[in-house]
Amino acid sequence: MIQFRDFLNDEELLQLQSLMDDVNAYDSTSYSLPGDADLYWLYMEPSKEAADKMELTAVLCVYHMGDMRNDREIDELLCFTRPAFRNAGRCRALFACAHALLRPCLRFCVQETDVCRSFLRKTGAVFAYEEQIMELALASGKNTASCTASEAHSEKKSAAANAAAPVSVSVSCSDSDAPVFEEDGELIRVSSRFGECSLYPQGSRCYLFGVLVYRRFRGQGRGTSLLKNVLGKLREDGFHTVYLEVSSANLPAVRLYRKLGFQITERIACYYKD
């Protein structure tokens, strides 16, 4: 039985967590709980342990991303099946049910496994690029938990969804080259005359995104200078770890982050179906 939800209740979230635990253990992946999706299609079946109970055996999660590809809005999809119930078409059935309600451009961002590649081929999705999760420990000698690819990607979605009018300026300098840090809802916007970026604090960790060096200042070391200022401020404020997500095709950015000490911790393959 396939059921549609635009949110999950506590019992459904528990079942989803159980399914994700099974998937991660079997596939050696590190997906986090996709409890913040916009839409869900659930494949529910009678439980073998209790005849009066339904068990979640597969799920399709949909995120309305808000970004565009070829002037079309993108939906991002995640689909999982419990290992004991695979190779019976459950994910394909969920995708068929959801297809009429999805946006015309679909993106799948996955930690690649054989079963995942097989499903994507059957949907007609085509590999586009690889995202790299890169991480930097700010506090030397301190043990900090690494952020998984799924967690970082999930927080990228959350960061993109958080926007509000700037409410206060936390740092301002008389030096015109120094960046200014502005609170913007849950985010921190960083700007200078050379470029900009954004920060999404998460406890002792901070997610860095939206790094941009203005065109006329590129190739002058301005990106390095901006990020050194940002990392110094985060270190002063007591953050232990900063991490980001970058396309492997963006070689200048990858080189910049490596020069600053960032290391690749996870890789995410991105597929599109237009």
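Predicted model: local features only at pLDDT ≥ 70, side-chain atom pairs only at ≥ 80, totals over all residues.
Residues are numbered from 1 along each chain as its sequence is written, and side-chain values use heavy atoms, with hydrogens and water left out. The protein has six helices and 13 strands, where helices (H or I, at least four residues) and strands (E, at least two) are DSSP runs numbered from the N terminus.

**Overall picture and confidence**

- Of the 274 residues of the protein, 48% count as buried, where buried means under 20% relative accessible area, exposed means over 50%, and partly exposed lies in between (1.4 Å probe, protein chains only).
- Among the contacts (heavy atoms within 4.5 Å) with a separation of 6 or more, 65% are between residues 24 or more positions apart.
- The mean pLDDT, which is the predictor's confidence in each residue from 0 to 100, is 86 for the protein, and 86% of its residues reach 70 or more.
- Over residues 141-146 the pLDDT is below 50, and this stretch has seven contacts in the model beyond near neighbours in sequence.
- Over residues 163-174 the pLDDT also stays under 50, and for these residues the model has 20 contacts beyond four places in sequence.

- Strand E12 (241-247) is mostly covered, since seven of its seven residues are buried.
- In a regular strand the side chains alternate between the two faces of the sheet.
- Strands E6 and E12 pair in the antiparallel sense over seven bridges, where two strands pair if DSSP finds at least two bridges between them.
- Strands E11 and E12 run parallel and are joined by three bridges, and Arg205 stands opposite Thr241 of E12.

**Strand E13 and its partners**

- Strand E13 (residues 263-273) pairs with strand E5 (residues 105-110) in the antiparallel sense over five bridges, and nine bridges join E13 to E6, again in an antiparallel arrangement.
- Ala269 in E13 is the bridge partner of Val110, and Glu130 also stands opposite Ala269.

**Helix H6**

- Helix H6 (residues 251-259) has Ala253, Val254, Leu256 and Tyr257 as its buried residues.
- Seen down the axis of H6, these buried residues fall within an arc of 160 degrees, so they line one face of the helix; the arc is that of the directions from the helix axis to the C-beta atoms.
- An α-helix has 3.6 residues a turn, so residues three or four places apart point the same way.
- On the other side of H6, Pro252, Arg255 and Lys259 are exposed.
- The cover over the buried residues of H6 includes strand E6 (126-137), strand E11 (205-213), helix H5 (222-236) and strand E12.
- After H6 comes Gly261, whose phi is positive, near 105 degrees.

**Two buried residues with polar side-chain contacts**

- Arg90 belongs to helix H2 (residues 90-98) and is buried, with a relative accessible area of 12%.
- A polar atom of the side chain of Arg90 lies 2.6 Å from the backbone oxygen of Phe85.
- Leaving out residues up to four places away in sequence, Arg90 touches Tyr43, Glu45, Thr57, Ala58, Thr81 and Phe85.
- Tyr200, in strand E10 (residues 195-202), is buried at a relative accessible area of 6%.
- The side chains of Tyr200 and Glu186 are joined by a polar contact of 3.3 Å, a polar contact being a pair of N or O atoms within 3.5 Å in which, within protein, one must be able to donate a hydrogen and the other to accept it, while residues adjacent in sequence count only if both atoms are side-chain atoms.
- Tyr200 and Glu186 are 14 residues apart in sequence and 6.8 Å apart in space, C-alpha to C-alpha.
- The side chain of Tyr200 also makes a polar contact of 3.5 Å with the side chain of Gln202.

**Cysteines**

- The structure holds zero disulfides, a disulfide being a pair of cysteine sulfur atoms within 2.5 Å.
- Cys206 is in no disulfide, and the nearest cysteine sulfur, that of Cys197, is 9.1 Å away.
- Cys206 counts as buried at 1% relative accessibility, whereas Cys97 is partly exposed, with a relative accessible area of 42%.
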